[in-house]
Amino acid sequence: MPVGLVAVTLARVVLRESSLPGTRIDLLGMALATCGPVAVVWAIVHGESDGWTSRTVLGTFAAGAVLLAAFVLWERRAREPLLPLSLYRIRPFVLSNVVSVAMYFGVFGSIFLLAQYLQVAPERSPLHAGVLTLAWTLMPTFVAPLAGALTDRVGGGRLMALGLFLQAAGPAWLALAAGPDTPYTRLVGGMVIAGAGMGFAFAPTAAVVLGSVAREHHGKASGANTTVRDRRRAGHRRPEQRLPPLRQRPRRP
């Protein structure tokens, strides 16, 4: 909460408002773009617990598919579409979104499981396990500024490829080294490599996405990239299904 309050205050003071005169909000496109992904994600999240062939899950999948199809049809005919489909004819824009999907799916899927692994092998508190993951999650703080400075010189595509390679190498290290009693010192190297890959990948992605479209489409292109990125949570299970039952600890009086 304090960080959010500071960020909102600084945003209002430092950032300037931008607008495109003579444009209208695509309200129907917004509704379809919101409801379609929400329905699909809801069905994925509830598929295991409710049954993948249950009426509720299948019906929600179908509703999501219909809503997304309606969104595409509407965007093709809307005068001022929320997401111009012509953007998907731009190769750098499309490939940058593919990179976002691959990177964030791997990143958050891996960290999601890593934090649980660190709680049980050996047994640690959630706070202790979270602190240990900082070797991964803090690395982008140092690498991303470097990647941003190198984007114009080296090229965003090369940096994103390097980032994906490192992002694959880090979890591979962890998968080969992890065991019931593996010391943390044997895992930290893989976390550092994965965190560096994360920084090399996502810093150039924003630059490539915005640089590949016209200025008036910057907001729409950025929104599309963010939406693709944030669908990463779809495959996560609900909290009560994440871990097998642990040894019951005696309660303190």
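## Close-up views of a predicted all-helix model

**Figure 1. The protein is built from helices.** Its secondary structure comprises 10 helices and zero strands. Read from the N terminus, the order of elements is α-α-α-α-α-α-α-α-α-α. The protein has 253 residues, and 32% of them are buried.

Figure 2. Three helices each supply at least two lining residues: helix 2 (27-50), helix 3 (55-77) and helix 10 (218-230). Helix 10 gives the largest share, with six residues. By type, the lining of the second largest pocket holds 12 nonpolar residues, four polar and one charged. Rolling a probe the size of a water molecule over the atoms shows where empty space is left.

**Figure 3. A cis peptide bond joins A121 to P122.** Omega for this bond is near -10°. Most peptide bonds are trans. P122 is in the loop that connects helix 4 (91-120) and helix 5 (126-132).

**Figure 4. S96 is a buried residue of helix 4.** Its relative accessibility is 1%. Buried means under 20%, so S96 falls in that class. In sequence, S96 and A201 are 105 residues apart. In space, their C-alpha atoms are 9.6 Å apart.

**Figure 5. H46 is a buried residue of helix 2.** The relative accessible area of H46 is 15%. That value is under 20%, and H46 therefore counts as buried. H46 and V57 are 11 residues apart along the chain. A distance of 7.0 Å separates the C-alpha atoms of H46 and V57.

**Figure 6. A206 is a partly exposed residue of helix 9.** Helix 9 covers residues 188-211. A206 has a relative accessibility of 41%. Partly exposed lies between the buried and exposed cut-offs, under 20% and over 50%, so A206 belongs there. A206 and N225 are 19 residues apart in sequence. From C-alpha to C-alpha, A206 and N225 are 8.3 Å apart.

Terms used: Residues numbered from 1 in each chain as written. Predicted model: local features only at pLDDT ≥ 70, side-chain atom pairs only at ≥ 80, totals over all residues. Heavy atoms only, no water. Helix = DSSP H or I, 4+ residues; strand = E, 2+ residues; numbered from the N terminus. Nonpolar A, V, L, I, M, F, W, Y, C, P; charged D, E, K, R; others polar. Buried < 20%, exposed > 50% of the residue type's maximum accessible area, 1.4 Å probe, protein only.
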